[in-house]
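Biologist: I am new to this structure and would like to learn how to read its features one at a time. Could we look at it together, beginning with a single residue?

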Amino acid sequence: MKCSTHNAEAIGICCWCGRAICAVCAPDAAQGGKRLACSNTCAASASSSQRALEMILQKSRQNARANAIYCFLCAALLGGATIAAWYELPSPLLMWFTGASSVMLCVSGFWFARGAKKMEL
């Protein structure tokens, strides 16, 4: 593959637009583990895109943690309702319903918490 600017042998492609880049076009990007970019505009666009992606992932982690807390709180409330139904209203249907709902919300809370922890890695 040839460089789109210098018609020399390409060392890689631009991370944003996909053009071929030679060693003359991106001398400092090839070292230090930076992404290759054919111009400052492409480098700025790729950097902006990376920041936006990081912000989306951070918000997703926060939402997963909030969902886990919400599920645990609702599970605790339904667990209390199950105990109250046991003593106050001897209704098996109500006890089974609130108890099963409490268990499912606990499972959902653990699932959200685990997902939030995986996103941190």
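Modeller: Let us begin with contacts, where contact means heavy atoms within 4.5 Å. Leaving aside neighbours within four places in sequence, Thr82 is in contact with Met95, Thr98 and Gly99. Please keep in mind that this is a predicted model, in which local features need pLDDT of at least 70 and side-chain atom pairs count only at pLDDT 80 or more, while totals for chains, interfaces and linings use all residues. Residues are numbered from 1 along each chain as its sequence is written, and side-chain values use heavy atoms, with hydrogens and water left out.

Biologist: In which helix is Thr82 placed, and is Thr82 buried or exposed?

Modeller: Helices (H or I, at least four residues) and strands (E, at least two) are DSSP runs, numbered from the N terminus. Thr82 belongs to helix H1, residues 40-87. For burial, the idea is relative accessible area: buried means under 20%, exposed over 50%, and partly exposed in between, with a 1.4 Å probe and protein chains only. Thr82 has a relative accessible area of 18% and is therefore buried.

Biologist: Which side chain is joined to that of Thr98 by a polar contact?

Modeller: A polar contact is a pair of N or O atoms within 3.5 Å; within protein, one must be able to donate a hydrogen and the other to accept it, and residues adjacent in sequence count only if both atoms are side-chain atoms. Here the side chains of Thr98 and Thr82 are joined by such a contact at 2.7 Å, and the side chain of Thr82 also reaches the backbone nitrogen of Gly99 at 3.0 Å. Thr98 is found in helix H2, residues 92-120, and Thr98 is buried because its relative accessible area is 7%. Not counting residues up to four places away in sequence, Thr98 touches Leu78, Ala81 and Thr82.

Biologist: How many residues does H1 have, and what span does H1 reach?

Modeller: The expected span of a helix is 1.5 Å times one less than its number of residues. H1 has 48 residues and reaches 71 Å from its first C-alpha to its last, close to the expected 70 Å. Its buried residues include Ala64, Ala68, Cys71, Cys74, Ala75 and Thr82, and H2 is among what covers the buried residues of H1. As a general idea, an α-helix has 3.6 residues a turn, so residues three or four places apart point the same way.

Biologist: Which residues make up the largest nonpolar core?

Modeller: A nonpolar core is a set of buried Ala, Val, Leu, Ile, Met, Phe, Trp, Tyr and Cys residues joined through side-chain atoms within 4.5 Å. The largest one has six residues, namely Cys14, Ile21, Ala26, Leu36, Ala37 and Cys42. Setting aside residues up to four places away in sequence, Ile21 touches a list of residues that includes Cys3, Ala10, Cys14, Leu36 and Cys38.

Biologist: How should I read the chain as a whole, and what is its radius of gyration?

Modeller: The protein chain has two helices and two strands, which follow the pattern β-β-α-α along the sequence. The radius of gyration is taken over C-alpha atoms, and the globule rule is 2.2 Å times the number of residues to the power 0.38. A compact globule of 121 residues would have a value near 14 Å, but the protein chain has 27 Å. Taken along the principal axes, its C-alpha atoms fill a box of roughly 85 × 20 × 20 Å.
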